[in-house]
Amino acid sequence: MKPLSSSIRGRAGRTAVFGLVALLVGGCYDYEKRIQWSPDGQRAAILTTEGLFLSDAKGRLSRNLSPKANAVAWLSDSQRLAVVTYDSTGVRLAIARINGEELTAGPSLYSDSTAVLDIRIAPGDAHLAFTIENESDAADLLVAPCDGSAPPAVVSQRAAAFPDWSPDGRALVYFKGGGKSDEASLGTLVRRGVVNENGKVELSREPVHLAGVLIFPLAHAPQVRCLKDGRVVFNAAEFDLPLAPDDIEGTREQLFAVETARQPTLVRLMTRQAQQELPTSLRFEVSPDERQVLFGTPEGSVHVLTLATGKVQEVQPSAEEKGKMDVAVTPVWRRAGQFTYVKRLSSGDRPAEVILREGEQEIVLSKDWSSEFIKQLVR
């Protein structure tokens, strides 16, 4: 992808739920959603080093719709995209409509020199949240109406880069840190109202604290996902405080949920056996029906967890051979039970194929894509 500032590349870190669990917060900025299916599953937005393309469910590619696109997020009508573009003048975020093989962008919702790290569209499409790089190696979280009727409002400084919306589209849930980037500090998992009952951006005076955290220096951004039943899901590794620095090494992450519908409590979502079968650091996406979780890593591993049974299926192991190309493209759901991932090839000029998988059946979407296009995708 087009380079972001070097200060956000390759950061490693850990966050601890105070006195209970520690979050080894996965989420490298080089590990990106370069393939995203539209909500209706009819086409996928594909980001390469050369720009934005669309593919239908049979792998037919469009022309390059936006050579300067760097990040996208679909709106629920599957006809519009929030698109971030980078050029010599800076960074621009706008809502664009797809008309055949044309992309028509609306007014800028954000225009600056600061990199946009993540975009989350609110349920109902009225608002979007996005995070931008700040000078403290963290992120600022902003919210804006999708129609451009008001400028972005800052929800939080020193937030993690990957928040989520509450199911009603009126609040954001995110991790917030405190203190300087070179020292451990107290932080919190919080929910803050950002949209009032009239549908206008209005920040609540105080956020609701869901969990206390201790944030270690050089922390990656944790993932937060809000489920329809009110649970907030995040990844964590469990150990007791106090602890020595060596106690952190070798710990394995678990999926936790904060039960917000009742008095907030932390609940483990995986069995110990499932935890051992998955990578040490988890990057995850919950399926549209919220029954399965898809995991991937920058080294190309892909696993699927079925929450009801606790069973884990390995789809692709990590690339452990020295010099073997990583395929740091996030696996993504197309619909419940069906997802896309990048499958490494062991030989030849072609490094990988893009696969649509359902159960044990795999369809190669990229069979007609050029080797150069594949390299631009996985590079």
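The following legends describe close-up views of a predicted protein model.

Local features are reported only at pLDDT of at least 70 and side-chain atom pairs only at pLDDT 80 or more, whereas totals for chains, interfaces and linings use all residues. Residues are numbered from 1 along each chain as its sequence is written, and side-chain values use heavy atoms, without hydrogens and water.

**Figure 1. Overview of the predicted protein.** The protein has three helices and 29 strands (DSSP runs numbered from the N terminus, with H or I and at least four residues for helices, E and at least two for strands). Of its 379 residues, 56% are buried; buried denotes under 20% relative accessible area, exposed over 50%, and partly exposed the range in between, with a 1.4 Å probe and protein chains only. The accessible surface amounts to about 16800 Å², and carbon and sulfur atoms hold 48% of this surface (Shrake-Rupley method, 1.4 Å probe; for residues, only the protein chains shown count as cover). Among contacts (heavy atoms within 4.5 Å) with a separation of 6 or more, 47% link residues 24 or more positions apart.

**Figure 2. The largest nonpolar core and the surroundings of valine 84.** This core comprises 21 residues, of which Ala82, Val84, Leu93, Val116, Ile119, Leu128 and Phe130 touch the most other members. A nonpolar core is a set of buried Ala, Val, Leu, Ile, Met, Phe, Trp, Tyr and Cys residues joined through side-chain atoms within 4.5 Å. At least two core residues come from each of β6 (69-74), β7 (80-87), β8 (90-99), β9 (102-112), β10 (116-121), β11 (127-133) and β12 (139-145). With neighbours within four places in sequence set aside, valine 84 is in contact with Lys68, Ala69, Asn70, Ala71, Val91, Arg92, Leu93, Val116 and Ile119. Another core, of 17 residues, lies apart from it and includes Trp37, Val354, Leu377 and Val378.

**Figure 3. The open four-stranded sheet β6-β7-β8-β9.** Four strands follow one another in this order, with antiparallel pairing; two strands pair if DSSP finds at least two bridges between them. On average, neighbouring strands are turned by 25° against each other, direction ignored. Such angles are taken between axes, which are lines fitted to C-alpha atoms (for helices over the stretch in contact); they run from 0 to 180 degrees between N-to-C directions. The antiparallel strands β8 and β9 are joined by eight bridges. Arginine 97 has threonine 104 of β9 as its bridge partner.

**Figure 4. Two aspartates around arginine 80.** A salt bridge, defined as a side-chain nitrogen of Lys or Arg within 4 Å of a carboxyl oxygen of Asp or Glu, joins aspartate 77 to arginine 80 at 2.7 Å, N to O. Aspartate 77 is partly exposed at 29% relative accessibility, and arginine 80 is likewise partly exposed, at 22%. Arginine 80 also forms a salt bridge with aspartate 125, where the closest N and O atoms are 3.7 Å apart. Since aspartate 125 belongs to the loop between β10 and β11 and arginine 80 to strand β7, the pair ties together parts 45 residues apart in sequence. Aspartate 125 is buried, with a relative accessible area of 10%.

**Figure 5. A salt bridge between two loops.** Lysine 228 and glutamate 290 meet through their side chains in a salt bridge of 3.6 Å, N to O. Lysine 228 sits in the loop between β18 (225-226) and β19 (231-238), and glutamate 290 in the loop between β22 (283-286) and β23 (292-296), so this pair ties together parts that are 62 residues apart in sequence. Lysine 228 is exposed at 63% relative accessibility, whereas glutamate 290 is buried at 18%. The whole structure contains 14 salt bridges.

Figure 6. In α3 (residues 371-378), the residues Phe373, Ile374, Gln376, Leu377 and Val378 are buried. The buried residues of this helix pack against β3 (35-37), β4 (43-48), β5 (51-56), β27 (338-344) and β28 (352-358). Strand β5 is mostly covered, with six of its six residues buried. A hairpin of two residues connects β4 to β5, and these strands pair antiparallel over six bridges. Aspartate 56 in β5 stands opposite arginine 43.
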